[in-house]
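Please look over the sequence and the 3D view below before reading on.

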Amino acid sequence: MKWTLLTAVGACILIASAPAQKAQIQRTVKPDSESGFFVKGDRSALAGDRRTVNPNGRAIYQFRLLSGMDVQMSVTAGGKGAVKVVSGSQTLLNRAIEGAVLSRTYTFRVPTTTPVQVVQVILEGSRTAGLAIYAIDIKATDRDDDGDGIGDAVERLLGAQANALKPARFTEPRTTYQTGAAYEPKLDLQTDAVMVYSADPARITGWQNAGYFIQTMGGFRDYTPYAEANPTHVQTRQNGDLMRIESSYYLAPTADRLETNLNYYRSALRAGSKAICPEEPEYWAQAGYEEWFKGAYREQYGIDWQPPHDSISSRWRADRLKAQLMTGTIHSLLTEVQVNAAQARRMVAVHSPINYAMWGICFAHHQTLLNPIVQEVIGQVWSDTARTRVPYAGVWGEHPFAMAFLEYASLVGLLRDTDKSLWFLMDPLSDVSTLELSALQRYYFDTLAAATLFPEVKRYEVLPWPERIFGRVPPDYASVILSVTRALEGIASSPAGSLDAGIPDIGILFSDSMVYQRGEPHVSHLEDLLGYSLPLIKAGVPLQVVSLDRVTESNYLRRLRLLMLSYDYQKPPSEATHEALANWIRNGGWLVVTGGSDPYNALPEGWWRRDGAQTPLNDLLRRLEVRATAETLQPEVATENAWKTVGQHENVRQENAFNRRRVQFDLTEYAQAGKTIYVKFRDPFPDTGWGPLVSQVRLELDSRTLAAFSPGTSAERQVMFVDQGSLLNNQNARYADGGSWFVYRFALPRGNRASLNVEIAQEWQIQISTVPPYEELNLTPTRNDLPKIRMRNGEPLTLYQAERSEPLYTYGDKPVGVSVRVGSGGIVLMGVPGRTFALDTQGADKARAWIQNVAGRAGLRYRERSRFLLQRGDWTVAYGTTRTTTLRGAYIDVLDPKLPIVRDYILNPDTPRVLKRIDSPKPLRVLHTNARIVLSNEGNTQCAYLLKGPSGTPGIARIATDSRRPVIEALDANGNPVPVNVEAEARSVLVRWNMNPDGTVLRISNGK
């Protein structure tokens, strides 16, 4: 089947910075609609459906037109007289009218003496007879003699000669956004491209006519009718539930769905789309129980389907197959586009590798995105991925900037030094509609800052779904969103610059195989990756996230001196991977291997097992000629008999918080013995998702208060002993749903009477023990510059012994962490999983101290920074980390709706900022605006701009001026006045107006 791509595109096409701007004015005047046009009449009157002009009488109509316009005028009239057209003192037309009522057409051109002209149409009766006037139709069209898409009259409105100004043009789109809506002026954000989530020709044509480069996005879900007709094709959980979001169902990549998707993109390309973009090719780890997948499993492996949860082997096989099936689908889609519509751009939109692993979604990023068939990748990192709650310093919570940085970094690391164009997405809102605006802004600004800290990235999807944003969020927020859009255009067009932050030479390895270990019977701990990475990012270290699947490529690791690796949540793809790592170490690299205990090490499918190695690490050490042994210790776990249940809400379901109350538990027996007690809060009905919700805790002993706290406070952190996934809600109440639980530890001095008072709701069970839930393991450092390490969350401990090694930590009399020099580099074996640091209240500081020591071994000067700072042209992106710092200079604050000028900006911790540097602004210049500047004409005493933006959103512009009373004037694209609001500050003004996708001309000049 041969496709026809009606609109040819390619890498060399020039993309106009805005749709063609040629003014066109149409006016129809009839006797019942003369108001605003009829200015004077002598011996003239209305008579039903006509205006009569008596002998020697006249009727004068007035039209506001732009200079140089070509005008076609039709006059429907009868009788005897004349029609004249004048502009000022110049007569443009003078023709006689005589005879029956007819529609007579005339043409003339508006003079160019002034940019906006008032043209009068005068209809006169003769000396002996009059006229009857039924209609006047005016159609005025701007000229574009140089063919640059900008009308000559528009240029004159800006105070320039016709054909003197040229719009900016770009070889590739820099900005886009996705929408499923038909074109509307309120959704016209004035980006280079728009990603239309539809193959409807009318919808595509509507956006194309507005001047956009059209990309077409499509997904892999379908709605209830398809799911009901094809239930065996819907991704299905073990319990038989179909996987869906409301009425949208996740589908298996069947041949039927492939053909459906192909037809979808065929239609889009025929309609004029210039790029296709399949998005979110997701197969969930929870799925794999649908009949179609069982058949695919048998075909792939030649054996009967085995439930994924049966064994680690069946889990690995099932989830690797899911990822490969999605890879094959993407390859098939894009290959047919390449063959039959070669000039169409081939894109893929996916979440980051980190997010898919965290959320349990099977997708092979390296295998798919490094395929030559893929030209462009959209990294879908946004509010909802970045706010995923993770453990840090012993608390599960949200860390949107650090998580977004980690996610974006994984995409950069995967695609660095390839020919792929990488786009970064951010979202001003969320898929969760109940979040407060302040939280949404926080997520948006944090992800925005993280996305713009990567100099390699020059393309941005500025937002998805404008139809849920514009007209629904407060005007100030809408203004800021567009201000950010303009900033992203400027950043994308600026030189790459460089990132000023902490030590840049440290990386952490990840691979496609992370997603094959995220389901039952064993879910590997991705917290092991977070335990090392988040502390570094939060201290201003730009951690590089490095693809283990690419280390075999020549020079891929050349920028790095220190790499962190764990095989507890991933596995190496091949023998060549270890050969490449071994060579890198011998040539001066230092590799830190953490953990060492993971059930998937025993995979029969593991190539290391076929090569005679028990674990991947054994194989790597053999290639390095390092003789080492490993012994794993599992800490003792408190038996169920060790826990005494002291209270439960009741034995029925309570799926709400209406049962909130205070409960009291008698601890006298423990106080009289002076015991340390452990109090566990757990969910007795883990399938409902309504676990214990704790608001207040008070511990009293003999009328004294020993502890009183609310969750999330420093007082709570002092007694929190183990937190297995509990979270804080918006009211700072702690909840533990499903399999989550947490334990407080209270050391009770001897006393006569003690009680524990808890304000609690929902479904809860409270248990008490005098032994900890897990045995606490304490490691002893062998050097003073190494921190003490405590393990008390049930993590396994691996004891390493190696020849010619230096011990770094010991447990008992055995080494836990050892350092071994190999060639010009070395390897450090650390038997502590990364989650130890994530789950320890002091773990972040300990992780950084530990890494600093290893960096010294690698010959690196470890350094942290109080902020991330990227300069790209006039643009500064900053994020505060550990302490307050000052950004010297003068800036426009892009994230403030008033676009204030700030000097020596004070950047506080956990604060994102996007700033435009204006150290020496020229007078009478737009410093920044949230409208798109299509055309500009700048002089010393006056300047003018053609600005475009979506209707219904306030336009804002900060303008530098050396006059105390500048003259500000705004006109629409047809020359009509537009109201403006002006606020003056020292040597600048803030101008506001209502934006228009057809354009607004803003003219500024010095006043008296």
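## Basis of the description

This is a predicted model, in which local features need pLDDT of at least 70 and side-chain atom pairs count only at pLDDT 80 or more, while totals for chains, interfaces and linings use all residues. Residues are numbered from 1 along each chain as its sequence is written, and side-chain values use heavy atoms, with hydrogens and water left out.

Strands of a sheet pair through backbone hydrogen bonds, either parallel or antiparallel. Here helices (H or I, at least four residues) and strands (E, at least two) are DSSP runs numbered from the N terminus, and two strands pair if DSSP finds at least two bridges between them. Strand S3 (residues 38–47) and strand S4 (residues 50–66) are antiparallel and share eight bridges, with Phe38 having Tyr61 of S4 as its bridge partner. Two residues lie between the strands in the hairpin of S3 and S4, where Gly48 takes a positive phi near 70°.

S4 also pairs in the antiparallel sense with strand S7 (residues 116–125), over nine bridges, and Ile60 stands opposite Ile122 in S7. With strand S8 (residues 131–141), S4 forms three bridges, again antiparallel, and the bridge partner of Thr52 in S8 is Ala132.

## The closed barrel

Eight strands with parallel pairing form a closed barrel in the order S10-S11-S12-S16-S18-S20-S23-S24. From one strand to the next, the twist averages 25°. Helix H10 (residues 400–415) packs on the sheet and touches strand S20 (376–379) and strand S23 (421–425), its direction making about 175° with that of S23; contact means heavy atoms within 4.5 Å, and angles run from 0 to 180 degrees between N-to-C directions, with axes being lines fitted to C-alpha atoms, for helices over the stretch in contact. Strand S11 (residues 193–196) and strand S12 (residues 213–218) run parallel and are joined by four bridges, and Val196 stands opposite Thr216 in S12.

## Packing of H4 on H6

Helix H4 (residues 255–270) packs against helix H6 (residues 312–340) at an angle of about 35°, the axes being 10 Å apart. The contact involves Leu258, Asn261, Leu262, Tyr265 and Arg266 of H4, together with Thr329, Ser332, Leu333 and Glu336 of H6. These contact residues comprise four nonpolar, three polar and two charged, where Ala, Val, Leu, Ile, Met, Phe, Trp, Tyr, Cys and Pro count as nonpolar, Asp, Glu, Lys and Arg as charged, and the others, Gly among them, as polar.

## Pocket and cavities

On a 1 Å grid over the protein atoms alone, a cavity is a set of points where a 1.4 Å probe fits but cannot get out, and a pocket is an open set with protein on both sides within 12 Å along at least five of seven lines, lining residues having an atom within 4 Å of a point. Grid points are joined across faces, edges and corners, and a volume is the space filled by probe spheres set on the points. The second largest pocket has a volume of about 1,200 Å³; of its 48 lining residues, Arg389, Gly397, Glu398, Arg442 and Leu728 are the closest to its centre. Helix H11 gives the largest share of this lining, seven residues.

The whole structure holds ten cavities of 30 Å³ or more. The largest cavity, of about 70 Å³, is lined by residues including Gly413, Arg416 and Tyr556, and strand S29 (residues 544–547) gives the largest share of the lining, three residues.
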